[in-house]
Amino acid sequence: MNAFDYFFQNTSQLDKPFLVGKEEISFGELYNSSIKLASWIRQELGKKNNILLLSVNNKFFLNAYLAIIKSGNICIPLDPNIEKANFKYISQLTNPALIFLTKDIEKNLNLHQYECVYPETEFYKKNEKIEEFESHKHFNIDECAEIIFTSGSTGKPKGVMISHKNLIANTESIIEYLDISEKDRMLVVLPFYYCYGLSLLHTHLRIGGSIVF
């Protein structure tokens with residue numbers, strides 16, 4: 001099973017807000033917008049490409065992150081304040097087919113050679129064709145879903161490859177251990193380019209809880 005389908009298995013049609021506070025989006029709205037973007041990514045790139053994502057925690061990050069995973073490509077979330085040298089090293093190492101980011105981040109990086117998508121980019125939002133994705137039984141859960149990089153503060157950044165199976169197992173374990181339920185609402189102060197921050201996203205999507213930035 002694709003980790004995206006696992007996250008939304010019981011929540012894809014909920015009208016309940018998933019993200020609350022300054023920005024809001026329901027489970028159903030997030031599911032539908034992510035599927036639409038995933039379809040566009042699949043049509044443009046196919047599968048198994050590296051895609052960078054640089055953004056603070058916001059709806060843009062949520063939509064892009066989930067869509068990349070659903071599309072069968074590999075999401076690489078990075079610190080939006082990443083140093084130029086680290087970005088150059090990681091981008092050369094991963095050779096991304098696409099970069100999702102905000103305009104303020106672009107000013108600090110040399111991105112002329114890459115195709116970029118921004119929150120205000122209209123061409124992907126107009127996509128009406130929904131891709132036929134693989135059924136659960138035909139999807140290989142051992143495929144890489146994302147790569148999380150270390151900060152590089154003690155040397156060159158190191159990328160950890162995380163499979164769909166890894167994400168599912170980690171989410172199941174945390175939900176069981178912490179006894180998380182749909183009644184929980186989590187204040188998220190950790191960034192989503194950090195694995196601990198992402199675990200808050202994964203668990204609450206799966207269980208039907210809510211998050212606040």
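In the predicted model, Val20 has Val212 of strand S10 as its bridge partner. Strand S1 spans residues 17-20, and S10 spans residues 210-212. The two strands pair in the parallel sense over two bridges. Both belong to an open sheet of four strands. The order in this sheet is S2-S1-S10-S9, and the pairing is mixed. Strands S2 (25-26) and S9 (185-187) stand at the edges. Each has a single partner strand, so one side of each is left without a neighbour in the sheet.

Further pairings involve S5. Strands S3 and S5 are parallel and share four bridges. Here Ile51 stands opposite Leu98 in S5. S5 also runs parallel to S6, to which two bridges join it. In that pairing, Phe100 has Val117 of S6 as its bridge partner. The side chains of S5 (residues 98-101) point to two sides: Leu98 and Phe100 go one way, Ile99 and Leu101 the other. All four are buried.

Strand S7 runs antiparallel to strand S8 (residues 159-163), with five bridges between them. Ile148 stands opposite Val160 in S8. Six of the six residues of S7 are buried, so this strand is largely enclosed by the rest of the structure.

Helix H2 is next. Its 19 residues should span 27 Å at 1.5 Å a residue. The end C-alpha atoms are 26 Å apart, which agrees. Buried residues of H2 include Phe27, Leu30, Ile35, Ala38, Ser39, Trp40 and Arg42. Just after H2, Gly46 takes a positive phi of about 85°. Most residues other than glycine have a negative phi. Lys48 counts as exposed, because its relative accessibility is 56% and the cut-off for exposed is over 50%.

Asp179 is another residue other than glycine with a positive phi, near 55°. Asp179 is found in the loop between helix H6 (164-178) and S9. Its relative accessible area is 64%, so Asp179 is exposed.

Phe133 also lies in a loop, between strand S6 (116-117) and strand S7 (144-149). Phe133 counts as buried, because its relative accessibility is 17% and buried means under 20%. Which residues is Phe133 in contact with, leaving aside its neighbours within four places in sequence? They are Ile35, Ala38, Ser39, Arg42, Lys70 and Ser71. Among these, Ile35, Ala38, Ser39 and Arg42 are buried residues of H2. The C-alpha atoms of Phe133 and Glu29 are separated by 19 Å. These two residues are 104 residues apart along the chain.

Helix H7 (residues 195-207) has 13 residues. From first C-alpha to last it reaches 18 Å, close to the 18 Å expected at 1.5 Å a residue. H7 is mostly covered, with ten of its 13 residues buried. Among them are Leu198, Leu201, His202 and Leu205. Gly208 follows H7 and has a positive phi, near 95°.

How do H3 and H7 pack, and at what angle? The angle is about 75°, and the axes are 13 Å apart. That makes H3 roughly perpendicular to H7. On the H3 side, the contact is made by Phe61, Leu62, Tyr65 and Leu66. On the H7 side, Leu198, Leu201, His202 and Leu205 take part. Residues three or four places apart in an α-helix point the same way, because there are 3.6 residues a turn.

The largest nonpolar core has 43 residues. Tyr65, Phe100 and Leu205 have the most contacts inside it. The largest share of this core, nine residues, comes from helix H3 (residues 59-70). A second, separate core has 19 residues, including Ile74, Phe87, Cys116 and Tyr118. Leaving aside neighbours within four places in sequence, Tyr65 is in contact with Leu53, Cys75, Glu146, Leu198, Leu201 and His202. Of these, Leu198, Leu201 and His202 belong to the H7 side of the H3 contact.

How values were computed. Residues numbered from 1 in each chain as written. Predicted model: local features only at pLDDT ≥ 70, side-chain atom pairs only at ≥ 80, totals over all residues. Heavy atoms only, no water. Expected span 1.5 Å × (residues − 1). Buried < 20%, exposed > 50% of the residue type's maximum accessible area, 1.4 Å probe, protein only. Pairing = 2+ DSSP bridges. Contact = heavy atoms within 4.5 Å. Core = buried A, V, L, I, M, F, W, Y, C linked by side-chain atoms within 4.5 Å. Axes fitted to C-alpha atoms, helices over the stretch in contact; angles between N-to-C directions. Parallel < 35°, antiparallel > 145°, perpendicular 65-115°, else oblique.
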